[in-house]
Amino acid sequence: MTKNPTFSIAYLSEILASPKVKTIASKLHPATVMSVVKGVFDDLSQEFWASLAAQRRPDLNDLIDKIVARLAEALEITEPLVLDARGRLFPNEVEKLPEVAAEQAAWLLAEPQTDYSRRQEQVSERAALGKLAKLGGAESVAVFATTKAARAAVLNWALNKRARVIVARREMYEKDAGDRFEDALDMFPALERREVGACNSVRYEDYARAYENGNALVWRSIGRWNTEGRYVTADELVKLKSAASGEVTLLGEFEFAPLIDLSAYFNVAIPTVAERLKSGFDLALLDAAQLIGGPNAGLLFGSRATLNEISLTPYAQLLKLHRVPFAILAKTVDLYETREKALEKIPILRTLSTSLSNLQSRAERLANFLDTCECVRRAQPLQGHSALCLNSPFGASPTRLVEVFPSATYFSPAELAAKLEKGSPKLLVRWTQDSVLLDLRTLAPENDLLVLEIFEQFDASLRAANLTEKSEQ
């Protein structure tokens, strides 16, 4: 007997066409709907495989009920991506670098280097590394030009130790902007690697089977959408060490792991770098923008002995961070002297920690302005939440929105959203069947006037078009 595929296009269409799903899905962005459906399928993957083994598909009504429940939760989330791993608020960028860091960069670029300045920079670098390691709860930290450079240095070290790399199949490909871990592995064809699990799930037994004896490097990629990977936690992987005959190193590559606790601004706990290391990881790899305001660079936290070995590899020697971004990093680290100072001086942290009363007053003021525009039928302030990403277990941050209902005479919500995205400067918003939503937490206060100017330009263009049409008649 031929097995039925888990899902066919017709089967998926049947789910989406269900009145229960269709009613609630019409209120959400299509990308949100598909992300929710994918999340439900992933969560139930073990059940699906068991169903396939029994020559049957999952019950359609059960699936619809699960998807409807998840879509209802998604209605509480009014904006995908508040804070991305590169230290920017999304969907709209704000000033990224702290003022003192930007000033330091400009000063270094203008000043000619001397032997004395080089020695001073070396002293400053050592101090910054010490502070950074302490903030990350690690013995030591190594800094590389990019996260790709840091990956190459670690894999170079694994090759020298003749360590087998064990990685889940799904972690080979799920990277942003074409960034694939497989590309880093391809740089070292002599490095033995074991891909474990399926593309949508992995179990501890998969890792255990991949380890036989000798040295091993277990590589885990943990994104915003997933706090601990699917089905296997760091605590479970620690068991590999006790059963190993050789050295097993657990590396976590984290897309989102701040240096200080940001849980107060979300509805769930947000694990910090230090907490990740305490959970069982030997090495923690992340972008320097995880400092929420630093430059893009690869940071590797871990033991002093291991990082000394990694730093001596050829790739580590070639891919060091340039002096200017390192100076920016050092100045940003200085701002973490106290939590209060970091929240006040680092632009992204300042925006994230803005009070709801402040956001409410801004939303009311902006809604009143937009309500006077010809292209807007109605604008009103709303309460809402902003998520780290779609279908994310990291939770959401309370925010205030401006809901804009465009005049149907001029354009639909989708057309207005497209115009805002294609304009200069680009403004990204979430749109529904009836309205466009502006998230005040994703906009710096100085950008409120910019939003008003954009809508005034729309009005001016529409008036000019009407005059031209009348003159032609």
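**Entry 1: helix α14**

I began with helix α14 and looked up what its buried residues pack against: β1, α8, β6, β7 and α15 (314-318). The model is a predicted one, and I read every entry below with that in mind. Helix α14 covers residues 304-311, and its buried residues are T306, L307 and I310. Around the axis they take up an arc of only 95 degrees, so they sit on the same side of α14.

**Entry 2: the chain as a whole**

I then took the totals. I found 21 helices and 11 strands in the secondary structure of the chain. The chain has 473 residues, and 51% of them count as buried. I noted an accessible surface of about 22,200 Å² for the chain, with 52% of that belonging to carbon and sulfur atoms. For contacts with a separation of 6 or more, I looked up the share held by residues 24 or more positions apart, and it is 74%.

**Entry 3: the sheet**

In what order do the seven strands of the open sheet run? I read the order as β1-β7-β6-β5-β4-β2-β3, with mixed pairing. At the edges are β1 (140-144) and β3 (193-196), each of which pairs on one side only. From one strand to the next, the twist averages 20 degrees. As a reminder to myself, strands of a sheet pair through backbone hydrogen bonds, in either the parallel or the antiparallel sense.

I went through some of the pairs one by one. β2 and β4 are parallel and share four bridges; here R164 has A216 in β4 as its bridge partner. β4 and β5 are also parallel, over seven bridges, and R220 stands opposite G252 in β5. β5 and β6 (residues 283-287) pair in the parallel sense over three bridges. G252 turns up again in that pair, where its bridge partner in β6 is A284.

**Entry 4: strand β4**

Is β4 mostly covered or mostly open? It is mostly covered, since seven of its seven residues are buried. I sorted the side chains by direction: A216, V218, R220 and I222 point one way, while L217, W219 and S221 point the other way, and all are buried.

I checked which strands helix α8 (residues 147-160) lies across: β1, β2 (164-168), β4, β5, β6 and β7 (298-302). Relative to β4, α8 runs at about 160 degrees. Helix α8 is also among the elements that the buried residues of α14 pack against.

**Entry 5: helix α12**

I looked at helix α12 (residues 234-243) next, and found A234, L237 and L240 buried. Seen down the axis, the buried residues fall within an arc of 85 degrees, so they line one face of α12. On the other side of α12, I found D235, S242 and A243 exposed. What covers the buried residues includes α11 (204-210), β4 (216-222) and β5 (248-254).

**Entry 6: A330**

I looked up A330, which is in helix α16 (residues 323-334). Its relative accessibility is 7%, so A330 counts as buried, the cut-off being under 20%. A330 and A127 are 203 residues apart along the chain, yet their C-alpha atoms are separated by 8.3 Å. Leaving aside neighbours within four places in sequence, I found A330 in contact with S124 and A128.

**Entry 7: aromatic rings**

How many aromatic pairs does the structure hold? I found five. In one of them, the ring centres of F455 and F458 are 5.8 Å apart and the planes are at 70 degrees; the pair is therefore edge-to-face, as over 60 degrees counts as such. F455 and F458 are three residues apart in helix α21 (residues 448-472), so about one helical turn separates them. Both count as buried: F455 has a relative accessibility of 1%, and F458 has 16%.

Note on methods. Residues are numbered from 1 along each chain as its sequence is written. This is a predicted model: local features need pLDDT of at least 70, side-chain atom pairs count only at pLDDT 80 or more; totals for chains, interfaces and linings use all residues. Side-chain values use heavy atoms; hydrogens and water are left out. Buried means under 20% relative accessible area, exposed over 50%, partly exposed in between (1.4 Å probe, protein chains only). Helices (H or I, at least four residues) and strands (E, at least two) are DSSP runs, numbered from the N terminus. The arc is that of the directions from the helix axis to the C-beta atoms. Contact means heavy atoms within 4.5 Å. Two strands pair if DSSP finds at least two bridges between them. Axes are lines fitted to C-alpha atoms, for helices over the stretch in contact, and angles run from 0 to 180 degrees between N-to-C directions. Accessible areas come from the Shrake-Rupley method with a 1.4 Å probe; for residues, only the protein chains shown count as cover. Rings of Phe, Tyr and Trp (its six-membered ring) pair if their centres lie within 6.5 Å; planes under 30 degrees apart count as stacked, over 60 as edge-to-face and the rest as tilted.
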